[in-house]
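Thank you all for coming; I would like to walk through one protein chain with you, going from the whole chain down to a few single residues. Please have the sequence and the model open while I talk.

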Amino acid sequence: MKLLKRFFKIVLGIVAMVAIAVIIVLVMDTLGTNYLKDGNGAVSNNSTYLITNANIIPLHRDTVLVNKMVYIQNGIIKKISENLDIKNIEVVDAKGKYLLPGLIDMHVHVWDRYELGLYLSNGVTAVRNVWGTPMHLRIKSEVNSDKIISPHFFTTGPKLTGPEFIGDDNLNLTQPKEAAEKVVSYQHRGYDFIKTYYGLDKELFDAVIEQAAISKIDIVAHPSQKVPFSYHLNPQIKSIEHAEEIVQQPLQFNLDTVQLRPIIDSISNSKHSSFCPTITVFNNIYQMLLNDSILDSESLFYMNPLIKKVDSKNQFDRWHNAKQEDLSVVDRIKNQHDFHLKIIAQLHKAGVPIICGTDAGIGVTIPGFSIHKELAFYKEAGLSNYEVLKTATVNAAQTHSIMNQLGSIETGKVANLLLLDSNPLLELSTLENPSSVFVKGRKINRNTLQKFKEMARKRKNLMASGLRYLEYLLIEK
């Protein structure tokens, strides 16, 4: 009996030590992002002021409003005029710079709070996270309660897939009843959207769509190969993800513009459907094939350490090995990327709302920075600068009703704004270095934005990220 008691004491001691170590790791990581907390001096606490001498690019219409004033009260745009006489208020002199809505990245994977600062530093004032975990619900709560400075944060629940597509990142469904229960559970827990993925057959997909309609929660669809592509044009599905999925599923890898036409027409006829191309993440496969040293590049220091060590390396190894086995894979990937640009051009010509998404946070697609590459691809596909900017502002905000207060400079909209040194309607690259970013009306200057980048670059939170991923596996899997 004494030996048994001693054994249990030892076990309890080990468990206690492990628990203390886990707490210390998570607390230290949380303290590392204190620079994002409210009132720490890095960001103005004021959200009521008057912006003067601004050249406004409102983006809900194609114009520049020259030398205007904008009155912002408690983070909301109240008035826009040539002359506003408002007493006892802080004045921000734009000095003739260009004021436009903050950017929205509609397809990201957030792995830690450091990345929130990276998005802000690149002018991204709202994100749609498309693989939700318990960590994301906590981030959402902190953002909504203004405990941290962050882009507006929206998130799907975990990825719903069928029984065959096994993986840590997937929630495998087997029965329609289970599918409906997950939709109800995710909405109840606070996820904003449902994410459907590979492997959902008609029976499972029907259950998800029907319950989503009852629960009044939008679906974001990564197309499933188990149903026709047209199945993703259901009114409950607000956006379809990835240009590559058009190639891989309905076109069956045939880069044929004639076969593409009826697919584009079907999406165009679905008036509720937006399309999120994520050109950058696929193009980065090509970059990995071209650059054998890409994992050592400067930009990869901005990737979450756990993702860099696991996902970035695994993706690089996969494509490096594919090139070793068949050198023609390089041209194949390049040709498919070029075809993606044709898809965007045809979608745009057909009037399909294109919404900007990067798939940042996986592989070698860097949070924040990648949106500028994505927008440049839309420009290459033939969109004007104004049309490109709409993909990351007005179009994105109109996709879901809970985002409608974002995306343009109008009375009543949230004051998520960028102040730029030059006109992005002439040169998109000016987006890469905003003079100031306003989020919920709070002004962040260029020096602070640069600090956000530096803090993300220096982070060492591999273990903390691993523990949060373990939490996801234990709770969701």
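Let me begin with a term: a residue is called buried when its relative accessible area is under 20%, exposed when it is over 50%, and partly exposed in between, using a 1.4 Å probe and protein chains only. By that rule N447 is exposed, because its relative accessible area is 64%.

Before I go on, please keep in mind that this is a predicted model, in which local features need pLDDT of at least 70 and side-chain atom pairs count only at pLDDT 80 or more, whereas totals for chains, interfaces and linings use all residues. Residues are numbered from 1 along each chain as its sequence is written, and side-chain values use heavy atoms, with hydrogens and water left out.

Now to the chain as a whole. Helices (H or I, at least four residues) and strands (E, at least two) are DSSP runs numbered from the N terminus, and the protein chain has 15 helices and 16 strands. Its C-alpha trace spans about 85 × 65 × 50 Å along the principal axes. The radius of gyration, taken over C-alpha atoms, can be set against a globule rule of 2.2 Å times the number of residues to the power 0.38; for 477 residues a compact globule would come out near 23 Å, and the chain's 23 Å agrees with that. Of the 477 residues, 56% are buried.

What share of the contacts between residues at least 6 apart in sequence join residues at least 24 apart? Counting a contact as heavy atoms within 4.5 Å, the share is 73%.

As for the surface, accessible areas come from the Shrake-Rupley method with a 1.4 Å probe, and for residues only the protein chains shown count as cover; the chain exposes about 20,400 Å², of which carbon and sulfur atoms supply 54%.

Let me turn to strand β8, residues 152-161, where 10 of the 10 residues are buried. Two strands pair if DSSP finds at least two bridges between them, and β8 pairs in the parallel sense with β7, residues 124-129, over four bridges; here V127 stands opposite F153 in β8. Strand β10, residues 193-196, also runs parallel to β8 and is joined to it by three bridges, with F193 in β10 as the bridge partner of T156. Three bridges likewise join β8 to the parallel strand β9, residues 170-172, and L160 stands opposite L171 in β9.

I will finish with some single residues. T33 lies in the loop between α1 (2-32) and β1 (49-56) and counts as buried because its relative accessible area is 6%; leaving aside neighbours within four places in sequence, T33 is in contact with R113 and Y114. S268, in helix α7 (residues 257-269), is also buried, at 16% relative accessibility, and with the neighbours within four places in sequence again left aside, S268 is in contact with A350 and V352.

N291 is found in the loop between α8 (279-290) and α9 (305-325), and at 33% relative accessibility N291 counts as partly exposed. Between N291 and T63 there are 228 residues in sequence and 41 Å in space, C-alpha to C-alpha. N447, in helix α14 (residues 446-458), is 326 residues from S121 in sequence, and the C-alpha atoms of N447 and S121 are 9.7 Å apart.
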